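The structure is displayed first.

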Amino acid sequence: MSLDGNYDPDNIFAKILRGDMPCVKIYEDDEVLSFMDVFPQSDGHTLVIPKRPSRNLLDTNPEVLSGLIQKTQIIAQAIKSSLKPDGIIITQFNGAPAGQTVFHLHFHIIPRYENSKLSSHAHGQMAEMDHLSGLAAKIKAALK
Ligand code: 5GP
């Protein structure tokens with residue numbers, strides 16, 4: 001999948017947005033959905049996606065992008081106060097050669113904990129749903 005091409009309405013995140021696939025939700029409004037990454041690189045690895053379809057940052061409407069990054073900041077602040085990481089990585093990949101594996105725009109929020117190794121991107125182990133739900137409950141409580 002190069003940088004160019006058509007949006008595939010059957011990508012995993014489109015299915016999650018339609019409710020055809022489950023997710024452990026953190027936040028939702030008319031524009032944005034945020035949920036736990038099911039193959040987390042660290043405890044609390046969270047994804048933030050726009051509801052409006054686009055493949056990557058380059059083909060996204062600037063207003064959608066602006067709202068998305070603002071929500072990403074708010075959710076990262078909630079992760080900071082609830083999970084108390086020592087650092088937070090925010091990443092976003094464009095095109096398969098850059099590491100993108102799901103072709104619906106998303107920001108990763110990846111908490112870093114001192115003395116804890118990061119799992120590799122898109123090759124991690126699937127997390128236990130109960131564990132993700134526990135983390136999501138803490139983050140959601142900090143969003144209120
Ligand atoms: P990308 O590689 O496109 O930047 O990131 C895609 C992310 O989606 C990866 O971190 C991967 O772990 C995550 N992911 C892939 N499939 C699913 C899924 O079915 N549910 C959730 N919640 N995350 C997924």
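Which helices and strands each supply at least two residues of the lining of the largest pocket? I found helix H1 (12–18), strand E2 (32–36) and helix H3 (129–143).

**Basis.** I worked on a predicted model, in which local features need pLDDT of at least 70, side-chain atom pairs count only at pLDDT 80 or more, and totals for chains, interfaces and linings use all residues. Residues are numbered from 1 along each chain as its sequence is written, and side-chain values use heavy atoms, with hydrogens and water left out.

**Entry 1: the largest pocket.** I noted a volume of about 460 Å³ for the largest pocket. Of its 24 lining residues, Phe13, Asp37, Val38, Phe39 and Leu47 are the closest to its centre. A pocket here is an open set of points on a 1 Å grid over the protein atoms alone, where a 1.4 Å probe fits, with protein on both sides within 12 Å along at least five of seven lines; lining residues have an atom within 4 Å of a point. Points are joined across faces, edges and corners, and the volume is the space filled by probe spheres set on them.

I then looked up the origin of the lining: H1 gives the largest share, three residues. Helices (H or I, at least four residues) and strands (E, at least two) are DSSP runs, numbered from the N terminus. By class, I recorded 17 nonpolar, six polar and one charged residues in the lining. Ala, Val, Leu, Ile, Met, Phe, Trp, Tyr, Cys and Pro count as nonpolar, Asp, Glu, Lys and Arg as charged, and the others, Gly among them, as polar.

**Entry 2: salt bridges.** I counted five salt bridges, each a side-chain nitrogen of Lys or Arg within 4 Å of a carboxyl oxygen of Asp or Glu. Arg18 pairs with Asp10, with the closest N and O atoms 3.3 Å apart, and with Asp20, where the corresponding distance is 3.1 Å. Lys25 and Glu28 form another salt bridge, at 2.6 Å from N to O. Through shared partners, Asp10, Arg18 and Asp20 join into one network.

**Entry 3: accessibility of these partners.** I used relative accessible area (buried under 20%, exposed over 50%, partly exposed in between; 1.4 Å probe, protein chains only). Asp20 is exposed at 52%. Asp10 is partly exposed at 48%, as is Arg18 at 44%. Lys25 is partly exposed at 37%, and Glu28 is partly exposed at 39%.
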